[in-house]
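Let's walk through this one together, question by question. Have the sequence and the model open as you read.

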Amino acid sequence: MKLPESQQCGEECPKCGENMRNHGKREKHIITLLGECKFSRNYYECVSCENENTGNREHAVPNDEILGVAGTKFTETVKRVTAQIAASDSFFDTSANLKMLCGINVSAKE
Ligand SMILES: [Zn+2]
């Protein structure tokens, strides 16, 4: 999967507003309704801010936001389908239905 070049450069730190440094491409696995796939996207870190909770540099992965997979491996469509099936079934039925309909494995902790 390749995103437009215009989406892949220039990122400001959400905390201090400084330009973030591009740390190159990092791969991510995501789960879509068509199955699992992986893609590379730019990973940015702030040169001056540290995250108070983790002690790591503040970072941004703007293409994850664009694709709706920031902090998760499931696309918005998978989340919507899961929620819709779960609303009428037990977890066991939901998991079995997702496997049967989409070939997607979802565990209870996800
Ligand atoms: Zn910063």
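Q: How many helices and strands does the secondary structure of the protein come to?
A: This is a predicted model, where local features need pLDDT of at least 70, side-chain atom pairs count only at pLDDT 80 or more, and totals for chains, interfaces and linings use all residues. Residues are numbered from 1 along each chain as its sequence is written. Helices (H or I, at least four residues) and strands (E, at least two) are DSSP runs, numbered from the N terminus. Along the sequence the pattern reads β-β-β-α-α-α, and the totals are 3 helices and 3 strands.

Q: In what order do the strands of the open sheet lie?
A: Two strands count as paired if DSSP finds at least two bridges between them. β1 and β2 run antiparallel and are joined by 10 bridges, while β2 (residues 35-50) and β3 (residues 57-60) pair in the antiparallel sense over 3 bridges. The open sheet of 3 strands therefore has antiparallel pairing and the order β1-β2-β3.

Q: Which are the edge strands?
A: In the open sheet, the order is β1-β2-β3. An edge strand here pairs on one side only, and that holds for β1 (21-32) and β3.

Q: Which residue in the turn of the β2 and β3 hairpin has a positive phi?
A: Glu50 stands opposite Arg57 in β3. The hairpin of β2 and β3 leaves 6 residues between the two strands. In that turn, a positive phi of about 80° belongs to Gly55.

Q: Which residues make up the largest nonpolar core?
A: A nonpolar core is a set of buried Ala, Val, Leu, Ile, Met, Phe, Trp, Tyr and Cys residues joined through C-beta atoms within 7 Å. Buried means that 20 or more other C-beta atoms lie within 10 Å of a residue's own, exposed means 12 or fewer, and partly exposed is in between, with C-beta atoms placed from the backbone. Of the 110 residues, 13% count as buried. The largest core has 5 residues in all: Cys13, Met20, Tyr43, Tyr44 and Cys46.

Q: Why is Glu18 classed as partly exposed?
A: Glu18 sits in the segment before β1. Leaving out residues up to four places away in sequence, Glu18 touches Glu12, Cys13, Cys46, Val47 and Ser48, where contact means C-beta atoms, placed from the backbone, within 7 Å. Glu18 is partly exposed because the number of other C-beta atoms within 10 Å is 13.

How values were computed:
Contact = placed C-beta atoms within 7 Å.
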